[in-house]
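Here's a quick walk through the charges, a helix and a strand of one model. Have the coordinates open as you read.

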Amino acid sequence: MTNLKMTKLFKTAAIAALITGFTNSAAALEIINPLYVPGTSIELFDGPVLSQSDIKQPALDSTAKIAVARLDGGRLIPTPYGEEVDWKMLNKRTANNIELMSAGDYIKYIPEIAYPGQDTDNKIDEVRITAASKGYSHVLIYGVGPDASWASFGGKALRETGLTVHAGCDSWQKAKAKALLVNAYTGEVLGAATAENVEYNIGELADNVGQLVSSLTET
């Protein structure tokens, strides 16, 4: 019997087996695959389904550039010298690039309001936009005293800041100092840090921010 006739025979037998519903699966396998050995089974794929796999990505990339912005009365101010030192020390302790946002950057990217035009009262969103314009992927916005009250930040209710704040985030808590780590492009708050011991400096707040950044960067 020629190879062509054998091929046609195998195809015909296979089709017949499919039509009858494979009542005899072993016999069908022998017809379709002449090399099939009776008594063996075909291994099925039992690997993890991608959608069900437990692969987690860090919320913050280790190469992320983070700007630090100091609020006072809800407005950006130059970072006080004593606080500036604490943030520079934090930058040396972390893999991320943490830099201070200057008031000059803010003025550069925020348009002037002509007299007698109405100035915006949402300076937090302006700070975020400035950070994004300067190429920072994230911005750490912080304030002390009245800028760190219950369910508010920078003198505004959290729901009115233009930021996306998730339930359970420490940003809702009252403290003597509070910092929010914000995605500069989307306005999403990745996390928050608070501190009570800020009478002489904000070292405690910087340390807590360092722990926050580290936890968000780990896989």
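Which residue forms a salt bridge with K88, and how far apart are the closest N and O atoms? The partner is E84, and those atoms are 2.9 Å apart. A salt bridge here is a side-chain nitrogen of Lys or Arg within 4 Å of a carboxyl oxygen of Asp or Glu.

Some ground rules before going on. This is a predicted model, where local features need pLDDT of at least 70 and side-chain atom pairs count only at pLDDT 80 or more, while totals for chains, interfaces and linings use all residues. Residues are numbered from 1 along each chain as its sequence is written, and side-chain values use heavy atoms, with hydrogens and water left out.

**Salt bridges**

Searching the whole structure turns up five salt bridges. Among them are these:

| Pair | N to O distance | Helix |
|---|---|---|
| K88 and E84 | 2.9 Å | α3 |
| K123 and E126 | 3.5 Å | α5 |
| R128 and D125 | 3.1 Å | α5 |

Helices are DSSP runs of H or I with at least four residues, strands are E runs with at least two, and both are numbered from the N terminus. K88 and E84 are four residues apart in α3 (residues 81-93), so about one helical turn separates them. In α5, K123 and E126 are three residues apart, again about one helical turn, and R128 and D125 have that three-residue spacing too. An α-helix has 3.6 residues a turn, so residues three or four places apart point the same way.

How covered are these side chains? Buried means under 20% relative accessible area, exposed means over 50%, and partly exposed is in between (1.4 Å probe, protein chains only). K88, at 47% relative accessibility, counts as partly exposed. R128 has a relative accessible area of 12% and is buried; K123 and E126 are buried as well.

D86 is buried but has no salt bridge: R93, the nearest side chain of opposite charge, is 6.9 Å away. For that count, Lys and Arg are positive, Asp and Glu are negative, and His and the chain ends are left out. What does the side chain of D86 reach instead? The backbone nitrogen of G203 is at 3.3 Å, and the backbone nitrogen of I202 also lies 3.3 Å from a polar atom of the D86 side chain.

Helix α5 (residues 123-133) is largely enclosed by the rest of the structure, because nine of its 11 residues are buried. The buried set includes I124, V127, T130, A131 and A132. Just after α5, G135 takes a positive phi of about 90°.

Next along is strand β4 (residues 138-144), with six of its seven residues buried. Two strands pair if DSSP finds at least two bridges between them. β4 pairs with β1 (residues 65-72) in the parallel sense over five bridges, with A67 opposite V139.

**A charge over a ring**

Finally, the charged end of K65 sits over the ring of Y136, 5.0 Å from its centre. The cut-offs for that are NZ of Lys or CZ of Arg within 6 Å of the ring centre and within 35 degrees of the ring normal.

Notes:
Polar contact = N/O pair within 3.5 Å; in protein donor to acceptor, adjacent residues only side chain to side chain.
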